[in-house]
Amino acid sequence: MRRKLYPLLPMQRWLIDTHFEKAKSTMMNIGGLCKLDPSLDTKRFIDAVNDVLEYHDIFRCRLAIDPETGDICQHFDGKLSPVIYMRMNDEQLELQMKYLRQPFDLIEAPLYRIYVIETDNGNYCYSDFYHAMFDGLSTGFWFTRELDMRYRGREFKCPAESFAEYIRARQEISPSELERQGQYWHRMFDDFDPNKHLPPADRAGEETWVQETLTYTLENIRQDFFKGKKIAINTFFIAVTMLTIARLSGHPEAKMSWVHNGRITSTEQRMMGIMIEQYPIAWDFRCDCRVSEMLSGLNEEIDEGFKNRAGLRAAYENGLEDYCVSFILQKSTAARAGDFFKIGDAGMSTVSLPPNDVSAVENALDIEMDINDDGTFSLFLDYDASRYSARAMEKFSVLFDEISLAMQDADRSVSSILNAEGSTI
């Protein structure tokens, strides 16, 4: 019997196409290394991980070539790849840490790998997922949450939400409606120009798509600012990002994208898989307004984007936002060094991995903003080092912080922020 093939979701297609440009890189790997608390029972931990894998059809996902069309598609009847147990000494682990993250074989191969590594001084778990099948919320929240429950012995009697069924349901939209929604995104982004809509480059002649990162904790705003105010944190920082780009570029129009977790319905909220979506968004600063009016207008733009969700395929397939600045706001989903995940009465803590020779950056500039437990905000900039220097990214971060302060005055005119002179607004 011919196996059932499913089309790729628009985001899956975009991620895979982007990866093909740098196919030997680990740019689409998400996951990391964690050190297990000594009190954790290793066998029980491994059994719990394998139970999670067995429960969700996303872990049987394999990419394949459709024999009729020659296109890349996927199926969900692949063989599970259980946890691999390893034993090595601490010196061997130190040597291997640089090589744990490796590119995935994309066709008819498992799209994740999980190792439990035992050493003389502690046990570790390394997990790695291909981004076109798994997103950060699945990795940093849903997977670890279910792992904790299974380790504690909770029974799961109802079947998991099927990712394959989710894909099937997403196909139930007419071609004419897809075309209409696709045109919405084309009208917004057809004229995107890196020379106008990106912060100006200060480097040239370097090897392209070299990945560098910079972390910056904002000093001028805390989460307390938003208490009691009808201001969406995500919208606020999208506005800050747009103003920062426009200030640096000198262009009166901002075009960027922002990442949504993609979980809109109650069914989607409970699902593991690649659910995120990246929405283009634009703002013309030539029409001046107050800060409160800009935030209200951006909320309307975001809501309109949700209504045209199905048409995002056109944005992805036509590369409308391949090089624009991308923004994502997140809390307790991104694994940073030292983060702790509770498992049973103990847990595991993330460990930094050294960079390897096969990393690459996806966009010119990706901005991840973390909401920290102490109420502060941290920027994590993932940028193309062939275009930007660390100094340029530090300048971007400082200006972002200053604009965050200026935007706290709801009655202030946006033009006064955009046209402020000097490094202090």
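Predicted model: local features only at pLDDT ≥ 70, side-chain atom pairs only at ≥ 80, totals over all residues.
Trainee: Okay, what makes the place of Ser326 a strand?

Mentor: Ser326 sits in strand E10, residues 326-330. A DSSP run of E needs at least two residues, so E10 counts as a strand.

Trainee: And why is Ser326 called buried?

Mentor: Buried means under 20% relative accessible area, with exposed over 50% and partly exposed in between (1.4 Å probe, protein chains only). Ser326 has 4%, so it's buried.

Trainee: Which residues is Ser326 in contact with, leaving aside neighbours within four places in sequence?

Mentor: Contact means heavy atoms within 4.5 Å. On that rule Ser326 meets Ser257, Val259, Gln278, Leu365, Asp366 and Ile367.

Trainee: How do you know that Thr244 counts as buried?

Mentor: Thr244 lies in helix H8, residues 233-249. Its relative accessibility is 0%, so Thr244 passes as buried.

Trainee: What does the side chain of Thr244 reach?

Mentor: The backbone oxygen of Val240, at 2.7 Å. A polar contact is a pair of N or O atoms within 3.5 Å; within protein, one must be able to donate a hydrogen and the other to accept it, and residues adjacent in sequence count only if both atoms are side-chain atoms. Not counting residues up to four places away in sequence, Thr244 also touches Phe396, Leu399, Phe400 and Ile403.

Trainee: Which residues are closest to the centre of the largest cavity?

Mentor: That cavity is about 80 Å³, and of its 13 lining residues Leu9, Met11, Arg170, Ile276 and Glu277 are the closest to the centre. H11 gives the largest share of the lining, three residues.

Trainee: Why is Met11 called buried?

Mentor: Met11, in helix H1, has 5% relative accessibility, so it counts as buried. Beyond four places in sequence, its contacts are Ile274, Ile276, Glu277, Gln278 and Tyr316. The C-alpha atoms of Met11 and Met275 are 8.2 Å apart, although 264 residues separate them along the chain.

Trainee: Which elements each supply at least two residues of the lining of the second largest cavity?

Mentor: H6 (175-189), strand E9 (277-284) and H10 (291-307). This cavity has a volume of about 50 Å³, and its lining includes Tyr184, Trp185 and Met188.

Trainee: How do you know that the span of H6 is close to the expected one?

Mentor: The expected span is 1.5 Å times one less than the number of residues. H6 has 15 residues and reaches 21 Å from first C-alpha to last, close to the 21 Å expected. Its buried residues, among them Tyr184, Trp185 and Met188, pack against strand E8 (253-260), E9, H10 and H11.

Key: Residues numbered from 1 in each chain as written. Heavy atoms only, no water. 1 Å grid on protein atoms, 1.4 Å probe; cavity = no way out; pocket = protein on both sides within 12 Å on 5 of 7 lines; lining within 4 Å. Points joined across faces, edges and corners; volume = space filled by probe spheres on them. Helix = DSSP H or I, 4+ residues; strand = E, 2+ residues; numbered from the N terminus.
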